[in-house]
Amino acid sequence: MGKHEAQRLLGERLTLPSLPEVVTKLNGMINDPKVGVNQLGAVVAQDAAITAKVLRIANSSYYGLKEPVLSAEQAATVVGARSLRNIALQASVFARYEHLAAVPDFDLKSVWRHAILVAQLSQWLARSARRPVGLTAEEFYTCGLLHDIGKVVMLESLGPQYVDVIREAAHARQAIHLVEARVLGFSHVDVGTLVATRWHLPDAVVRSIEFHHGPQYEVLAHPEVAVVAVSDQVAYRFELASAPTALAKLAEFAEKSVGIDAPTFDRFVDYAREVEALIEV
Ligand SMILES: [Fe+2]
Ligand SMILES: [Fe+2]
């Protein structure tokens, strides 16, 4: 339902971003065995503003590099082609929506911090799952990074009306996607799905965005959805006072959906605390 309503508003009230140009270029080269990782770095280096951001991300504590990297080519060699693409995607998407930092009553930084956290958690879960999870760890980074992209798209397109929706959700203590759907007829899940589809991301990536808030049968049916949904919930809850009960339920769900046992889940929550403290935006 919501997806159709969002689609109907395209070009009228909703403007979707294009896939960043640098990512389009990298996509065309990444599967070509004749292209070296250095050449991918050289493509990034063509854009000075993106390069500066890429270097900041590559040199952040998350990547734990021993020596700081000083050029995009060097970053490409050290982190690898697929991580470079994620870093370029992150840098470009953040740059595309930089102007929204000035919107009153909207905390853009916290949206990006959450996106990075869910990206990192999804990647960790994918590496620790004992069952096949449908995508590579790097692809899971993309899923996490983009799962809530619909929120910034909606803010840019709808402006104060969207800020009101956020305020109402906070006031009513209701999940934002439910209030979006009630007030607007579609949610950030629908918009995110349209973005991922427009960018021709793999079907499993699109699904992980489309169903990250449920329904539960979709989450259970697709491990890639479960990885992102569990990471999202952990990212929201690990700091809350109500955490122990909520986390116990999530631990059970993670075991059922992706075969993460209880000790692994505990390490996962510890990891969430550690990386959250290191995120820089
Ligand atoms: Fe969401
Ligand atoms: Fe989220």
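Domain bounds here come from an automatic or database domain assignment. I'm working from a predicted model.

**Overall shape**

I started with the secondary structure and found 17 helices and zero strands. Next I checked the radius of gyration. A compact globule of 281 residues would come out near 19 Å, and the protein has 18 Å, which agrees. Along the principal axes, the C-alpha atoms fill a box of roughly 50 × 50 × 30 Å. I also looked up burial, and 44% of the 281 residues count as buried. For contacts with a separation of 6 or more, 66% are between residues 24 or more positions apart.

Domain 1 puts 10 residues into the contact and domain 2 puts in 11. Which helices each supply at least two residues of the domain 1 side? I get H7, helix H8 (137-146) and helix H17 (262-278). H8 has the largest share of that side, with four residues. By type, the domain 1 side divides into seven nonpolar, two polar and one charged.

**The core**

Then I went to the largest nonpolar core, which has 82 residues. Val44, Val54, Ala88, Leu125 and Val227 touch the most other members. Helix H7 (residues 108-128) gives the most to this core, 10 residues. Where does the core lie relative to the two domains? Domain 1 and domain 2 both give residues to it, so the core lies between them.

Leaving out residues up to four places away in sequence, Ala88 touches Val22, Val23, Leu26, Val44, Ile50 and Val54. Two of the names there, Val44 and Val54, I had already noted among the core residues that touch the most other members.

**Helix H5**

Last stop was H5, residues 72-79. Its buried residues are Ala72, Glu73, Ala75, Ala76 and Val79. Why do they sit on the same side of H5? They cover an arc of only 160° around the axis, which puts them there.

Key: Residues are numbered from 1 along each chain as its sequence is written. Chains are lettered from A and ligands numbered from 1 in the order in which they are written. This is a predicted model: local features need pLDDT of at least 70, side-chain atom pairs count only at pLDDT 80 or more; totals for chains, interfaces and linings use all residues. A residue is buried if 20 or more other C-beta atoms lie within 10 Å of its own, exposed if 12 or fewer, and partly exposed in between; C-beta atoms are placed from the backbone. The arc is that of the directions from the helix axis to the C-beta atoms. The radius of gyration is taken over C-alpha atoms; the globule rule is 2.2 Å times the number of residues to the power 0.38. Two residues are in contact if their C-beta atoms, placed from the backbone, lie within 7 Å. A nonpolar core is a set of buried Ala, Val, Leu, Ile, Met, Phe, Trp, Tyr and Cys residues joined through C-beta atoms within 7 Å. Ala, Val, Leu, Ile, Met, Phe, Trp, Tyr, Cys and Pro count as nonpolar, Asp, Glu, Lys and Arg as charged, and the others, Gly among them, as polar.
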